[in-house]
Amino acid sequence: MLNSSLKELAAMLAGKQISSVELAGEFLRRIKALNPVYNAFVTLAEEETLKQAQAADEMIAAGRGQPLTGVPVAHKDIFCANGWRTTAGSRMLGNFVAPYDAHVIERFRQAGTVNLGKTNMDEFAMGSSNENSHFGPVKNPWDVRAVPGGSSGGSACAVAARMAPAATGTDTGGSIRQPAALTGISGIKPTYGLVSRYGMVAFASSLDQGGPMAKSAEDLSLLLNVMVGFDPRDSTSLQREAEDYGRDLERPLAGLRIGLPREYFAAGLSTDVERAVQAAIGEYRRLGAQTVEVTLPNTRLSIPVYYVLAPAEASSNLSRYDGVRYGYRAPEYRDLADMYQKSRAQGFGPEVKRRIMIGTYVLSHGYYDAYYLQAQKLRRLIARDFSEAFKHCDVIMGPTSPTTAFNLGEKSSDPVQMYLSDIYTIAVNLAGLPGMSIPAGVGDDGRPVGLQIIGNYFSEAKMLNVAHRYQQATDWHARMPEGAKAGG
Amino acid sequence: MSLTLEDVRRIAHLARIAVDENEAADYLRQLSGIFSLIEEMQSVDTTGIEPMSHAQDVWLRLREDEVTEPDRHESFQSVAPQVEAGLYLVPKVME
Amino acid sequence: MQWEVVVGLEVHAQLSTRSKMFSAASTAYGAAPNTQACAVDIALPGVLPVANRGAVERAIKFGLAVGGAINRRSVFARKNYFYPDLPKGYQISQYEIPVVSRGSVVIQVGEREKTIRLTRAHLEEDAGKSLHEDFHGMTGIDLNRAGTPLLEIVSEPEMRGSAEAVAYAKALHSLVRYLDICDGNMQEGSFRCDANVSVRPLGSDQLGTRCEIKNLNSFRFLERAIEFEAARQIAVLEDGGVIRQETRLYDSDKDETRSMRSKEEAHDYRYFPDPDLLPLQISDAWVAEVYATLPELPQAKRERFVAEFGLSAYDAGVLTASREMADYFEAVVKALGGEPKLCANWVMGDLSGILNKEGLAIGESRIGSARLAGLLRRIVDGTISGKIAKEVFEAMWGGVGEADAIIDAKGLRQISDASEIENILDQIIAANPSQVAEYRAGKDKLFGFFVGQAMKATKGKANPAQVNEILKRKLAG
């Protein structure tokens, strides 16, 4: 059951081989056994979870079940869920009980899935290691000395350690793909605008996008069918006809043109990751695909551009945390100004404060043109690189991360080193393109390597097809970390 | 460009984040490192390039002028730090 | 030295939408605190803005009415600052590209007309309110107003002194009400002015350093604040001092402006395009659609009243100050079938007088246009004199009934029977021989005495024209 696909779980539920209550109970039991080690979950609400499972069982019994009815799903603690504490990994929201559902949560509720709990994350989704959580770091199930990646590290760990069959994540600069890569699972960030941001605690509005994390591309397609949908409450939500993201899963790959960006295989990429990625590409050739070299010449600029734009938006998005209407208020203060400054100084962690400072600076008087405006112009050049490349290929492939999972504490004292590890994922967010990561081998240290697949706008079904065929030919995605087996 | 302690204090004030002297020195060191990374942007000539604010080239969707939100202040204020008579309380605002 | 006072105004007009600029909460005034502040208005984590079509439409209407350019693409931007009544820590406004650029408003100062150019008009959201009554030494925050749509209308610094500034503010106030885009209720804060005031030596073409006086919510305060501030600046300069650019507050109790210390720190609003909102597109078709709904505007109406009704520019200005008054006036003229000057005098005189006295708007008048026309008809056909008409008007206001019924019941019908008037005059002449003799000896002024006697004898009912004519003949005899 731990390795069952979502389709298999749904079939078991529909066939009454297991009830949703039993299924949720089993995963809750595993969470309780494993979470003390991994710290993947920050909030559980067992009673509510079982109540939802009970309701799902009733739906199934009444013949009103949908494809995922009764399946437990863990949610990144960035999605507001009515009545659930929603912290975004921050002390600032340590006591915040959301009074409403995010659109994503609403859609999962309507699909009959069961909320298994809220997963740990880097504070306000700012980080690549999950060390920036107020609730402590998450451990990588493949090696507890290693980070699980971030910012959706709790979700990645929960799926990798089989504490949840699937989870939601958000990706602003790689926060779904990088932890998926580092924990050996699959994750997809859809085209910007497909998943509503309503109810998702904002980090950088023009880049944030929710997406699913699971064991396989097939699972992702089912989850995407639930998550994607127009939402009138998000002005950037796109109005498009609904599609079945699993419709092309089985399509053969003969004739597929895979673009390999020269810049993604250059200095900085560790040799073991490159070896694994090349092996995966070799597998694609065997499956009938052709490879073509493409170029994304502005790749190196994506990091500076991102570290101007994302902090700028964040500095403004996080101004609402002032200790007035909700959230943390410092216990002692002299006056209003002091209350603001102390509440924010104490409520936010160091990385969040650093980014607020960067963002405030680049927007401030006299610096806007040199930083913010220049970054927006470069953003266009970066997006153009991709549209040029897609004239020559159907999907782009490369590593998700330059290395396998690094050790806890290894980069946490040097923000610049940490930022550089996002080199292959960031440009995708800047362009608004869909990107995914699937497991493709292990590094010299035995830790997972992720293969990144980047598609053109709205080509999620194609990407899932590409990923699925690989997963049928290989078993990297089915491997389970030793530690997870300890959960019984 | 080189950041100064004065810049750090100014930014911290604009962002309403209390920063003591030791922290200011730390920020100066860290932010200077980050800005040396960011400075790479300045080497590119972007004359004539239209700034990109959004990933999708679409127009704003407008809402019809209808009232659909009910009064939920009790639920909203149940998580507020300090409330009285339906008002959020803050230290005295001086005009 | 002679000084010139230079004023530019920023007017915030609350748009009369049902729901807010970026949320579906109600904009109704006066609700219990925070009962109209929804999740978006209180900026809960994760909420997002969605712009209100009705607000954009009102902005287009305004832009067309002032002859401005409606920008086919405009951009919402965030203005970042911390204040407890600003829940998001930023206000969504428009910065680089507003919805309306340029345009102008014609103002009347006495008999003189002047065109004031507008810089821009942009959409933004209002903040909440800080209530300073004592809550154990704390301030209470009510966010009901937060998110209410505002049109900020910015003028060029083209007013010279308080009179022009007030005339401009009144013209804008009248315009937004004509357009039905703002209720104009100044007590409730629906129409607020910030004045940028500077002074310079007369004849100079350089602008002096300006001070901004915030939140003037009556025309009188606007006038007083500008006058105080100009005098203050002149005094500083004549003393050899310099004016510091700053934000000041007008204290109506003390009738003075003073520096707002809390806002003295350098502002750095860090404007940038709001990533939650896409560019606002206004199509030609939409502009055309809105254009078709524009009513006749005050300026055009004023000109038409002069041309069509032969009114003075002043009277036309008074009558067109509000759309309701202009409509009332036109309805009276129409019902009466002419006599616009008589109608104008009555609407601006007795009717406006009693409305002012009772604090009523013209829409609340106890005498509707048709009933007033009924009264005026009796003046025109000679049934009653203008003086008697005032008495009838008062009775009508008091709810006694229609003009004709009152005239009959009180026997106020004018005496127009020549033989009856002759009889009365004969008696007066006979009773006042010495005055007759004096008159005939050349003391013309006594003519009025005889008229007065005739009116007294008839309780004012004698037809004045007939009295004049017959009396002249008899006294000449």
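Trainee: In this predicted model, what is the count of salt bridges between domain 1 of chain A and domain 2 of chain A?

Mentor: The domain assignment of chain A gives domain 1 as 6-251 and domain 2 as 300-376. A salt bridge needs a side-chain nitrogen of Lys or Arg within 4 Å of a carboxyl oxygen of Asp or Glu. Between domain 1 of chain A and domain 2 of chain A, the count of such pairs is 0.

Trainee: How many residue pairs in polar contact are there between domain 1 of chain A and domain 2 of chain A?

Mentor: The side of domain 1 of chain A that touches domain 2 of chain A has 10 nonpolar, 7 polar and 2 charged residues. With both residues at pLDDT 80 or more, the count of residue pairs in polar contact between the two domains is 9.

Trainee: Which three residues supply 40% of the area that domain 1 of chain A buries against domain 2 of chain A?

Mentor: The two domains of chain A bury about 1,700 Å² between them, with 63% of it on carbon and sulfur atoms. On the side of domain 1 of chain A, the 40% share is more than any other three residues supply, and it comes from A:Arg91, A:Met92 and A:Met126.

Trainee: What area do chain A and chain B bury between them?

Mentor: Contact between the chains involves 70 residues of chain A and 51 residues of chain B. Carbon and sulfur atoms carry 67% of the buried area, and its total is about 5,200 Å².

Trainee: Which side chains meet in a salt bridge between chain A and chain B?

Mentor: The count between chain A and chain B is 1 salt bridge. Its N to O distance is 2.5 Å, and the side chains are those of A:Arg300 and B:Glu40.

Trainee: Which element gives the largest share of the side of chain A that touches chain B?

Mentor: Across this interface there are 23 residue pairs in polar contact, both at pLDDT 80 or more. The elements giving two or more residues to the side of chain A include helix H9 (299-317), helix H11 (350-363) and helix H12 (369-389) of chain A. The largest share is 13 residues, from H12(A).

Trainee: Where in chain B is confidence lowest?

Mentor: The mean pLDDT of chain B is 94, and 98% of its residues reach 70 or more. Helix H3 (residues 73-77) of chain B has the highest confidence, at 97. Confidence is lowest, at a mean of 94, in helix H2 (residues 21-38) of chain B.

How values were computed. Residues are numbered from 1 along each chain as its sequence is written. Chains are lettered from A and ligands numbered from 1 in the order in which they are written. Side-chain values use heavy atoms; hydrogens and water are left out. Contact means heavy atoms within 4.5 Å. Buried area is the accessible area (1.4 Å probe) that two parts lose on being put together, summed over both. A polar contact is a pair of N or O atoms within 3.5 Å; within protein, one must be able to donate a hydrogen and the other to accept it, and residues adjacent in sequence count only if both atoms are side-chain atoms. Helices (H or I, at least four residues) and strands (E, at least two) are DSSP runs, numbered from the N terminus. pLDDT is the predictor's confidence in each residue, from 0 to 100. Domain bounds come from an automatic or database domain assignment. Ala, Val, Leu, Ile, Met, Phe, Trp, Tyr, Cys and Pro count as nonpolar, Asp, Glu, Lys and Arg as charged, and the others, Gly among them, as polar.
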